[in-house]
Amino acid sequence: MDFDSVGFEGTRSGSHDLRVRLDPAEHDPRSDTAALCAAGPVVPVVLPGGVAAWLVTRHQAGRAVLADSRFVKDIGAWRAWRSGEVPRSWPLAPLLTVANMTTATAGDHTRLRAPLARAFTVCRVERLRPRVEELTGLLLDGLAAGPATEPVELRERFAHPLPVNVICELFGVPGGRRDRLRSLCAALFGTPAAPVGPAEILATHRALRAALGGLLEEKRARPGDDLTSALVASGEGALSPTELVDTLLLMIVAGHETTVNLLVNAVYALLAHPRQLALARSGQVAWNAVVEEVLRWDPPVANFPFRYALCDVDLAGHTIRAGDPVMLSYTAFGRDPEQHGPGAASFDITREPTRHLAFGHGIHHCLGAPLARLEAAVALPALFERFTELALYEPERPPQRRPGLVFNGLRELPVVLAPRGA
């Protein structure tokens, strides 16, 4: 499937093709964040399978798209999908066709968001702080029980289990179901030894939806004091069975994965910038400021598809045709020098606060943002206070990123709690 076959005109200059290929399996040097920022605010890209789209790379252009009602989330507005030129088996299709608030527009979005909105206010989330602190302490105790100079995989041992346990408790996932959900989530996002392919992704999505459907049935029969029971009670009649399952899929699966990435990206950023870490440890910079700088500099979501143009729209000097898909590059937004100054590419927790888009903007602003911020603001100082000599196991070898277009996190983060001879 070539660039024009999906109904997207693209951009060419003579024989030089200006399209950027965004495919983890076929790296294009121009797809690096710095190159994308330099390429302009709106860049024509080709995604896996030859699917074409526009990628927005600048903060102001991204904010404009997020607030513009001419860009909708309804996949029926995508010309190439409607015509069948993009196959239903496309690997990103499950993300675009789920029936939850991430793919809804206007009234449908409000209807799907309302059953959970009250549970994620800043005040309600703050009540979870003691439990988050307790779970954090238990995980740190587990780390401390091992040999301090031996390598520890911090993503697996700390950054992953904390948000998984928090979200499972919040949604009332019983102990017997948690291991199954954890294994399915691990299969969905792959492991260093076993990256996932399109067929595995689709099969895992089906298995996850079946597991979450079973959880909903259990809560209908035996409701408890948890958000799944509240979702069932408030959603019956307002949300279809498919919408209930897909809402849980969003909140439990995608919600925990983004927080895992936030934590592991933050720990790596601080260990790789010891002077910045010293400022946070000494109290000269608040940990909340550290969290916001990580969200800007290395956000947990790299690119998010799609919004579709309802009509021809002029965006930063480019004409987006009716039916064209638009993807937003959150990693590029955070490095935009027009928004964050000439030092945008640097990790600097002392910078003057600037507004970032890591949690979106407008009606699609991330519902779980207060919880993610709370978990990071609790976990990071606790980790570095407990292990004052924490260091990268192989500082000369930057850890690899997990493959994928959407989520942005490290495959693994090997550390030592205390270097030999410390």
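What follows is a chat about the overall fold, a helix, some backbone angles and a pocket.

Visitor: What kind of model is this, and how are residues numbered?
Guide: This is a predicted model, where local features need pLDDT of at least 70, side-chain atom pairs count only at pLDDT 80 or more, and totals for chains, interfaces and linings use all residues. Residues are numbered from 1 along each chain as its sequence is written, and side-chain values use heavy atoms, with hydrogens and water left out.

Visitor: OK, how many helices and strands?
Guide: The protein chain has 18 helices and 13 strands. Those are DSSP runs, helices being H or I with at least four residues and strands E with at least two, numbered from the N terminus.

Visitor: What share counts as buried?
Guide: 53% of the 422 residues. Buried means under 20% relative accessible area, exposed over 50%, and partly exposed in between, with a 1.4 Å probe and protein chains only.

Visitor: And the contacts?
Guide: Of the contacts with a separation of 6 or more, 72% are between residues 24 or more positions apart. A contact means heavy atoms within 4.5 Å.

Visitor: Switching to H9: is that helix largely enclosed or open?
Guide: Largely enclosed by the rest of the structure, because nine of the 10 residues of H9 (residues 161-170) are buried. Among them are Pro161, Pro163, Asn165 and Cys168. Just after H9, glycine 172 takes a positive phi of about 65°.

Visitor: Which residue other than glycine has a positive phi?
Guide: Alanine 106 is one of them, with phi near 50°. Alanine 106 sits in helix H5 (residues 106-117) and is partly exposed at 47% relative accessibility. Alanine 316 also has a positive phi, of about 50°. Alanine 316 is in the loop between strand S9 (313-315) and strand S10 (318-320), and its relative accessible area of 41% makes it partly exposed.

Visitor: Why bring those up?
Guide: Because most residues other than glycine have a negative phi.

Visitor: Which residues lie nearest its centre?
Guide: Ser31, Thr33, Arg401, Gly404 and Asn408, out of 29 lining residues. Helix H1 (33-39) and helix H16 (330-334) each supply at least two of the lining residues, and the largest share, three residues, comes from H1.

Visitor: What does arginine 21 touch?
Guide: Leaving out residues up to four places away in sequence, arginine 21 touches Glu26, Asp28, Ser31 and Val46. Arginine 21 is in strand S3 (residues 20-21) and is partly exposed, at 31% relative accessible area.

Conventions: On a 1 Å grid over the protein atoms alone, a cavity is a set of points where a 1.4 Å probe fits but cannot get out, and a pocket is an open set with protein on both sides within 12 Å along at least five of seven lines; lining residues have an atom within 4 Å of a point.
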